[in-house]
Amino acid sequence: MTVLETIAPVLATGMFEWAWLMIAIPALGAALLLLGGSALDKVGPPVAVGAVLASFAMAAYLFGQQLLSPVGERAVSVPLYEWIATPTWSVQAGLLIDPLSILFALLITGVGALIHIYSLGYMAHDERKRRFFAYLNLFIAAMLILVLADSYLVLFVGWEGVGLASYLLIGFWQHKPSAAAAAKKAFVMNRVGDLGMTMAVMAMLALFGSSAFEAVNHGIGQAGPFWPTLIGLLLLVGACGKSAQVPLQAWLLDAMEGPTPVSALIHAATMVTAGVYLVVRSHAIFELSTTASTAVVVVGTVTLLAGAWIGTSKDDIKKVLAGSTMSQIGYMILAAGLGPAGYAFAIFHLLTHGFFKANMFLGAGSVMHGMNDDVNMRHYGALAKAMPYTFWTFAMGYLAIIGVPPLAGYFSKDHIIEAAFGRSALIGSLALLGAGVTAFYMTRLMLMTFLGEKRWQEGVHPHESPKTMTVPLILLAALSVVSGVAMNGWIQGWLEPATGAHPHEISWVPTPVGWATMAVVAVGVAVGWLLFGRRPIPESAPASSNPFTIVGRNDLFGDAVNDTLVVKPTMLLADGVVATDQRAIDAGADGLADIVQGLSSRGRQLQTGQVRRYALGLTMGVVGIGVVMILSQLA
Amino acid sequence: MSTENLLILAAIIFTIGAIGVMVRRNALVIFMSVEMMLNSANLAMVAFALAWGGLEGQVASFFVMVVAAAEVVVGLSIIMIIFRTRRSTSVDAASLLKL
């Protein structure tokens, strides 16, 4: 098999024909919970958990089937029905279950099921629990449509579906104005990305008459040099919106207004990685355009540093993790932009990140649960004793993300850094720097939250969370530990049918780059300890004149940039339109009316109401007519 | 009595009536003036009928008299109502029809 060659899918047989059930079950669950009304308040949440577990069982079974089948038959197409039919062309809706999409299906349903179970405990006292679980099920269904689709158009349905679920769940606590605003912000910024997606899909339909992956991959090679670049850049815009990459990153930090399980599932483990999936899935397009793939690399590198920078200066535990998510997805996007060397690593890091970041977000949720929903890390401290399960599971996530061998992040991130060095020394060094900063901010988070002195507010009594919350944490922590070792030697070969063969060999023992990464990480941890481990931490953030801190605390002025570049010009334009309307168009119409009114008020003065004057007018008129008649007789 | 003199008399009466309509304020006087104008027209028609030896002018003058009688009925009742509500028959006071 040569580089880039992907296998043609075979027609589904057996259980694969029923693969749509994976999507249908959670979709049905969502419909049932939403339409069922308050009668389902009690049984609804467990039903939702059951739906996701059923989906997971289905995905696991299909995954097992694929493991057993020969490589050439691992991509299975499941045609469903004719979606749009016109005399000239038609759109078929169908699923594609190949090694790439089945991994996603496992991640989404697996982590999704754990987070559903966790939510049983976390949302136990919420009045609108049923609705919450309905939205979660809706999200699972939409995300599965996204990854299992066999064409960009069907993918776009899922793409919008997860956007809707994200909007509903960020704004779940809609009584908080900040949550409602954050939901709107996420929705609007995602629309910008969606614009890129729609234009890309329309270009594909115009060029190839179809948006199916097979047709596009086949056709793009003959489309000339311009189209791959354009479609690639448009897809990148879509990926930036969904995956919170610079310059469309500002919504992700605000998205933390949603309940913590939502942040873990949607805004860390699954939905925000859809951009990575999109780029990897469209590799045939990006291969053909150096411009587009370089743009992907630049976006990834900038975001991995920007996210890390934000992570270093936030005091809100969820926002640190959100910055970290941005940064890690930056790594994935970077890997996806590196070409055949990076696709498998992007997906590898995506999976391990899905485990350890979901683990840490749920851990943060557990901490908030014990701290009366306080998110400020300056009010934490010394929680390791009070919450042992949370602490130890979080510690596994911590070690995994900073890349301590042999935990998950070590393998997946090191491969990306190494592949980046393979591209250029500059990109590699920046990725290396990002790893150091990651180690620094995660150490800071650990020290401020779990170690050091107690800085608890009055009336706060930290306690360990219930079993429904700690069991998912333990499972995810275990996955954070073992998933790297488990997949390291396997994932490249597994993904070969979907992403093409790879020229990059993985290694088990640290390479020179691996040693350098570990050294940088050690420095990051040491700096973190020096700054936050040895000294007591003030309870309110000290005023800082350090420009790095100020910029970081303000989310790199992302909102200000958007305001200046987009909002203000738009407002100016709107003001201009209003002014034109009022001063030119309205003034014209009003002026005409004024003229008519002026003339008529002059004319009105003729009507004095004095009968004698009317009589005079009448007489004069008759006399006038008489004179004219006499004169005409004379003439 | 020549037709010409009759016409001159009719014109004089008509002019008096027209001026009366235009300058007097009392509605009753204006009414009387209108009657003068109508009767001057009758006079002119009768004079022409005499001159031409036809009957049309005389018949027409009868019509005018009938119409004038009807007009008096309606007009006088209006004036009565105006007088009842306003205690005046001045036409200048009844200027509500202006905007």
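Figure 1. Asp555(A) counts as buried because 23 C-beta neighbours lie inside 10 Å, and the cut-off for burial is 20 or more. The model shown here and in the other views is predicted. Asp555(A) sits in the loop between helix H23 (547–553) and helix H24 (558–604) of chain A. Its phi is near 55°, a positive value in a residue other than glycine. Most residues other than glycine have a negative phi.

**Figure 2. Phe557(A), in the loop between H23 and H24 of chain A.** Phe557(A) also has a positive phi, about 55°, although it is not a glycine. Is Phe557(A) buried or partly exposed? Phe557(A) has 14 C-beta neighbours inside 10 Å, so it counts as partly exposed.

**Figure 3. The cis peptide bond between Val246(A) and Pro247(A).** Most peptide bonds are trans. The bond joining Val246(A) and Pro247(A) is cis, with omega about 10°. Pro247(A) belongs to the loop between helix H8 (226–243) and helix H9 (250–254) of chain A.

**Figure 4. The cis peptide bond from Pro405(A) to Pro406(A).** Here omega is near 0°. Where is Pro406(A) found? Pro406(A) is in the loop between helix H17 (388–402) and helix H18 (408–423) of chain A.

**Figure 5. Helices H3 and H4 of chain A, packed against each other.** Two packed helices are described by the angle between their axes and the distance between the axes. For H3 (residues 99–122) and H4 (residues 129–148) of chain A, the angle is about 175° and the axes are 9 Å apart. That angle makes H3(A) roughly antiparallel to H4(A). From H3(A), the contact residues include Phe104(A), Ala105(A), Ile108(A) and His116(A). H4(A) meets them with residues that include Phe132(A), Leu136(A), Met143(A) and Leu144(A). By class, the residues of this contact are 11 nonpolar, five polar and no charged.

**Figure 6. Ile347(A) in the largest nonpolar core.** This core has 210 residues. Which residues have the most contacts inside it? They are Leu144(A), Ile347(A) and Ala358(A). Leu144(A) is also one of the H4(A) residues that meet H3(A). Not counting residues up to four places away in sequence, Ile347(A) touches Leu100(A), Leu103(A), Val280(A), Ile491(A) and Leu495(A). A second, separate core has six residues, among them Ala18(B), Val21(B), Ile30(B) and Val91(B).

**Figure 7. Ser263(A) in helix H10 (residues 260–269) of chain A.** Ser263(A) has 28 C-beta neighbours inside 10 Å, so it counts as buried. Leu362(A) is 99 residues away along the chain, yet the two C-alpha atoms are separated by 8.6 Å. Not counting residues up to four places away in sequence, Ser263(A) touches Met256(A), Gly258(A), Ala268(A), Lys318(A) and Phe361(A).

**Figure 8. Gly514(A) in helix H22 (residues 512–532) of chain A.** Gly514(A) is partly exposed, with 19 other C-beta atoms within 10 Å. Phe411(A) is 103 residues apart from Gly514(A) in sequence. In space the pair is 9.2 Å apart, C-alpha to C-alpha.

**Figure 9. Chain A meets chain B.** How many residues does the contact take from each chain? There are 11 from chain B and 10 from chain A. On the chain B side, eight residues are nonpolar, one is polar and two are charged. The predictor gives the complex an ipTM of 0.81 and a pTM of 0.80. Chain B averages a pLDDT of 89, and 96% of its residues score at least 70.

**Figure 10. Helix H25 of chain A packs with helix H1 of chain B.** H25(A) contributes Arg612(A), Ala615(A), Leu616(A) and Thr619(A). H1(B) contributes Ala18(B), Val21(B), Met22(B) and Val23(B). The contact has six nonpolar residues, one polar and one charged. Ala18(B) and Val21(B) are also among the residues of the second core.

Figure 11. Chain A contains 25 helices and three strands. Along its principal axes, the C-alpha trace spans about 130 × 65 × 60 Å. Of its 635 residues, 53% count as buried. Among contacts in chain A between residues at least 6 apart in sequence, 81% join residues at least 24 apart.

Note on methods. Residues are numbered from 1 along each chain as its sequence is written. Chains are lettered from A and ligands numbered from 1 in the order in which they are written. This is a predicted model: local features need pLDDT of at least 70, side-chain atom pairs count only at pLDDT 80 or more; totals for chains, interfaces and linings use all residues. pLDDT is the predictor's confidence in each residue, from 0 to 100. A nonpolar core is a set of buried Ala, Val, Leu, Ile, Met, Phe, Trp, Tyr and Cys residues joined through C-beta atoms within 7 Å. A residue is buried if 20 or more other C-beta atoms lie within 10 Å of its own, exposed if 12 or fewer, and partly exposed in between; C-beta atoms are placed from the backbone. Two residues are in contact if their C-beta atoms, placed from the backbone, lie within 7 Å. Axes are lines fitted to C-alpha atoms, for helices over the stretch in contact, and angles run from 0 to 180 degrees between N-to-C directions. Helices (H or I, at least four residues) and strands (E, at least two) are DSSP runs, numbered from the N terminus. Angles under 35 degrees count as roughly parallel, over 145 as roughly antiparallel, 65 to 115 as roughly perpendicular and the rest as oblique. Ala, Val, Leu, Ile, Met, Phe, Trp, Tyr, Cys and Pro count as nonpolar, Asp, Glu, Lys and Arg as charged, and the others, Gly among them, as polar.
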